[in-house]
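Have a go at each one before you read the solution.

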Amino acid sequence: MSPHSIAFLVTLVASILIVVLIDRILRPGLRGLLEQVVALPAATEFYLRAFAIVVVFVALAAALDTYSELKDGARFMEYIWAIADRLKHVFEELLVVLLVYVGLITVLMAALRRRQ
């Protein structure tokens, strides 16, 4: 297995772990918020699944989209920096998605609270 493949696989595995961590941290609080505001179990499941799908696809797209120009005789630290550069793109994309999702949930919460 080439060092380029190893760097790619490390980036892919790290991206998946980041997504799982984000999902596990945010899911309980988001579920409670949606259950209280929406009061529809189907809507709560929909928003939670939509959140998970979007986060997974964005992280995978960012991990697959990035390319680092490593030479064949690159040293170990060059691969570490390449992996860090790829993960930087993953974090940037996830930050944008999380900010948009928080904005949407805030608007949903404000609109439904006003109706109730």
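**Exercise 1.** Work out whether Leu-9 is buried, partly exposed or exposed.

*Solution.* Start with the cut-offs: buried means under 20% relative accessible area, exposed over 50%, and partly exposed lies in between (1.4 Å probe, protein chains only). Leu-9 comes out at 36%, so Leu-9 is partly exposed. Now place Leu-9: it sits in helix 1, residues 3–38 (helices are DSSP runs of H or I, at least four residues, numbered from the N terminus).

A quick note: this is a predicted model, where local features need pLDDT of at least 70 and side-chain atom pairs count only at pLDDT 80 or more, while totals for chains, interfaces and linings use all residues. Residues are numbered from 1 along each chain as its sequence is written, and side-chain values use heavy atoms, leaving out hydrogens and water.

**Exercise 2.** Find the aromatic pairs and sort them by geometry.

*Solution.* Rings of Phe, Tyr and Trp (its six-membered ring) pair if their centres lie within 6.5 Å; planes under 30 degrees apart are stacked, over 60 edge-to-face, the rest tilted.

- Phe-46 and Tyr-47: 5.4 Å between centres and 70 degrees between planes, an edge-to-face pair. Phe-46 is exposed at 52%, while Tyr-47 is partly exposed at 26%.
- Phe-51 and Tyr-101: 4.8 Å and 45 degrees, a tilted pair. Phe-51 belongs to helix 2 (residues 41–65) and Tyr-101 to helix 3 (residues 76–115), 50 residues apart. Phe-51 has 4% relative accessibility, so Phe-51 is buried; Tyr-101, at 15%, is buried too.

Notes:
Helix = DSSP H or I, 4+ residues; strand = E, 2+ residues; numbered from the N terminus.
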